[in-house]
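Q: Hi! Could you walk me through this one with me? I'd like to go piece by piece.

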Amino acid sequence: MHSKNVVLISGDRAISARAVGVLDEMDVQVSRVPWTQAIGADVLASADLVVADMDAPSLPKLPELYERLQEDGPSSLLLIVDLSDLGRFSFDARVPSDFIVKGATDEEFQTRAHNLLWPGEESTPEDFIRVDNMTINLATYQVKVNGEPIDFTYLEYALLAFLVTHPGRTYSRDALLRRVWGFEYYGGSRTVDVHVRRVRSKLGPDLAARLKTVRGVGYLWSM
C-alpha cells in the first residue's frame, strides 16, 4: 500500500468537513474543489480517487465528470448521494465506481474508499495510527509527519511503532531489545539509546517530547 491522492468535490461545508475527517484517517492527501470548478480542475488529472457529493443540481454534471476521469485516468469515483436520488444516476463502466448514501457510517465510507484506492490489498483503516500530525502505516512500515514521509531505518521504525502501540507503559532497554531487536540480538543495551536519539531527531521537537525517558528504567510513549 502507498499514499494516494484524493480530490473531494462538494459545495456543502458539513459534508466536506465530515469527508475530510474520514479521509484523514487514511494514508491519503486530500484536495477540495467546488462543483463550479470541478470539471476543469487540473488537480483531477493527478487524482487516484474522486469523492463527489452529488446533490440535485450536480447530478446532471455526472456524465461530464465521468468523461473527464476517463480521459485523465487512471482514477476511481466514489459518489455521496441522497437516498432519494438512487434511481437518478448510473455508473460508467470505464471508471471504477461506488457510492454511499449520506447517512452511511464513517466505517462504510472508509471501506468503500479503501476498496477503490487499493483494490485487492488487505490493509484496513486499522493499519493506520495517528498521533497529532504523525501517521504510522503499520502495513507498509511508513511514517509521515505533516504529510511528509520520514526516512526511518527498519529498527528505528520498529522501535517507534512498538512504543506508540503500547502507550503509557515504561519499557527497560533490555525489554526493548527483546521486543524490537529480538532474542538473538547480542549487542549492548545502549544501542537502544542511540536509536531513541535518532527517532527523536527525525520526529521533531513536539512529537519527540512524547518519547519520554524514565530515568533509571527506560522509555515510554506518552499519549
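Q: Let's start with Asp132: is it buried, partly exposed or exposed?
A: Asp132 has 48% relative accessibility, so it counts as partly exposed. The cut-offs are under 20% relative accessible area for buried, over 50% for exposed and partly exposed in between, with a 1.4 Å probe and protein chains only.

Q: Before we go on, what kind of model is this, and how are things counted?
A: This is a predicted model, where local features need pLDDT of at least 70, side-chain atom pairs count only at pLDDT 80 or more, and totals for chains, interfaces and linings use all residues. Residues are numbered from 1 along each chain as its sequence is written, and side-chain values use heavy atoms, with hydrogens and water left out.

Q: Good. Where is Asp132 found?
A: Asp132 is in the loop between strand S6 (128-131) and S7. Strands here are DSSP runs of E with at least two residues, helices are runs of H or I with at least four, and both are numbered from the N terminus.

Q: And what is the phi of Asp132?
A: Phi of Asp132 is near 55°, a positive value in a residue other than glycine. Most residues other than glycine have a negative phi.

Q: Which other residue has a positive phi although it is not a glycine?
A: Asn146, with a phi of about 55°. Asn146 is in the loop between strand S8 (142-145) and strand S9 (148-149). Its relative accessibility is 60%, so Asn146 counts as exposed.

Q: What does Asp151 touch, leaving out residues up to four places away in sequence?
A: Asp151 touches Glu156 and Lys202, where contact means heavy atoms within 4.5 Å. Asp151 and Val199 are 48 residues apart in sequence, and their C-alpha atoms are 9.9 Å apart in space.

Q: New topic: helix H1. Which of its residues are buried?
A: In H1 (residues 13-23), the buried residues are Ile15, Ser16, Ala19, Val20, Val22 and Leu23. Viewed down the axis of H1, they fall within an arc of 160°, so they line one face of the helix. That arc is taken from the directions from the helix axis to the C-beta atoms.

Q: What do the buried residues of H1 pack against?
A: They pack against strand S1 (4-9), S2, strand S3 (49-54), strand S4 (76-81) and helix H4 (106-117).

Q: And on the other side of H1, which residues are exposed?
A: Arg13 and Ala14 are exposed there.

Q: Which residue caps the N-terminal end of H1?
A: Asp12 does, with a side-chain oxygen 2.9 Å from the backbone nitrogen of Ala14.

Q: Let's look at Ile80 in S4. Buried or exposed?
A: Ile80 is at 4% relative accessibility, so it counts as buried. Setting aside residues up to four places away in sequence, Ile80 touches Ile15, Val51, Ala52, Asp53, Met54, Ile100, Lys102 and Phe109.

Q: Last topic, the largest pocket. What is its volume?
A: The largest pocket has a volume of about 240 Å³. A pocket is an open set of points on a 1 Å grid over the protein atoms alone, where a 1.4 Å probe fits, with protein on both sides within 12 Å along at least five of seven lines; lining residues have an atom within 4 Å of a point. The volume is the space filled by probe spheres set on the points, which are joined across faces, edges and corners.

Q: How many residues line the largest pocket, and which lie nearest its centre?
A: There are 17 lining residues, and Asp24, Val28, Gln29, Arg130 and Gly147 lie nearest the centre. S2 gives the most to the lining, with 4 residues.

Methods. A polar contact is a pair of N or O atoms within 3.5 Å; within protein, one must be able to donate a hydrogen and the other to accept it, and residues adjacent in sequence count only if both atoms are side-chain atoms.
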